[in-house]
Amino acid sequence: MIGRDAVADALLERLAGLQSGTTFCPSEVARALSEDWRPLMPLVRQVAADMSEIVATQKGAPVDPVMARGPIRLGRA
């Protein structure tokens with residue numbers, strides 16, 4: 001089972017690889033952690049919500065990654 005620490009590490013790793021002003025889909029992190037990535041999406045969103053280094057956006061506006069419905073993007077806060 002993949003835990004919060006593994007997800008947080010993967011999020012930070014993905015964040016470190018970003019060029020300035022770019023974002024990524026949370027599914028990129030879930031896919032890197034497991035072939036069966038869809039069940040990980042709620043955990044990835046929850047961990048991202050708890051990290052001050054990350055901001056979630058939807059259509060360019062900041063959102064709560066846990067409460068947002070539909071696709072979101074993650075980037076540097």
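User: Which residues of α1 meet α2?

Analyst: Ala-6, Val-7, Ala-10, Leu-11 and Arg-14 in α1 meet Glu-28, Val-29 and Leu-33 in α2. Contact means heavy atoms within 4.5 Å. Helices (H or I, at least four residues) and strands (E, at least two) are DSSP runs, numbered from the N terminus. By class, this contact of α1 with α2 has 6 nonpolar, no polar and 2 charged residues. Here Ala, Val, Leu, Ile, Met, Phe, Trp, Tyr, Cys and Pro count as nonpolar, Asp, Glu, Lys and Arg as charged, and the others, Gly among them, as polar.

The model is predicted: local features need pLDDT of at least 70, side-chain atom pairs count only at pLDDT 80 or more, and totals for chains, interfaces and linings use all residues. Residues are numbered from 1 along each chain as its sequence is written, and side-chain values use heavy atoms, with hydrogens and water left out.

User: At what angle do the axes of α1 and α2 cross?

Analyst: Two packed helices are described by the angle between their axes and the distance between the axes. The axes of α1 and α2 cross at roughly 120° and come within 10 Å. That makes α1 oblique to α2.

User: Which residues of helix α3 are buried?

Analyst: Buried means under 20% relative accessible area, exposed over 50%, partly exposed in between (1.4 Å probe, protein chains only). In α3, residues 41–50, the buried ones are Met-41, Val-44, Arg-45, Val-47 and Ala-48. They line one face of the helix, because seen down the axis of α3 they fall within an arc of 165°; the arc is that of the directions from the helix axis to the C-beta atoms. Their cover includes α1 (4–16), α2 (26–33), β1 and β3 (73–76).

User: Is Ala-49 buried, partly exposed or exposed?

Analyst: Ala-49, also in helix α3, is partly exposed, with a relative accessible area of 34%. Leaving aside neighbours within four places in sequence, Ala-49 is in contact with Asp-64, Pro-65 and Val-66.

User: Is Thr-57 buried or exposed?

Analyst: Thr-57 is buried, at a relative accessible area of 16%. Its place is in strand β1, residues 54–58. Not counting residues up to four places away in sequence, Thr-57 touches Pro-62, Val-63, Ile-72 and Arg-73.

User: What is the phi of Lys-59?

Analyst: Most residues other than glycine have a negative phi, and most peptide bonds are trans. Lys-59 has a positive phi of about 55° although it is not a glycine. Lys-59 lies in the loop between β1 and β2 (61–62) and is exposed, with a relative accessible area of 85%.

Terms used:
Axes are lines fitted to C-alpha atoms, for helices over the stretch in contact, and angles run from 0 to 180 degrees between N-to-C directions. Angles under 35 degrees count as roughly parallel, over 145 as roughly antiparallel, 65 to 115 as roughly perpendicular and the rest as oblique.
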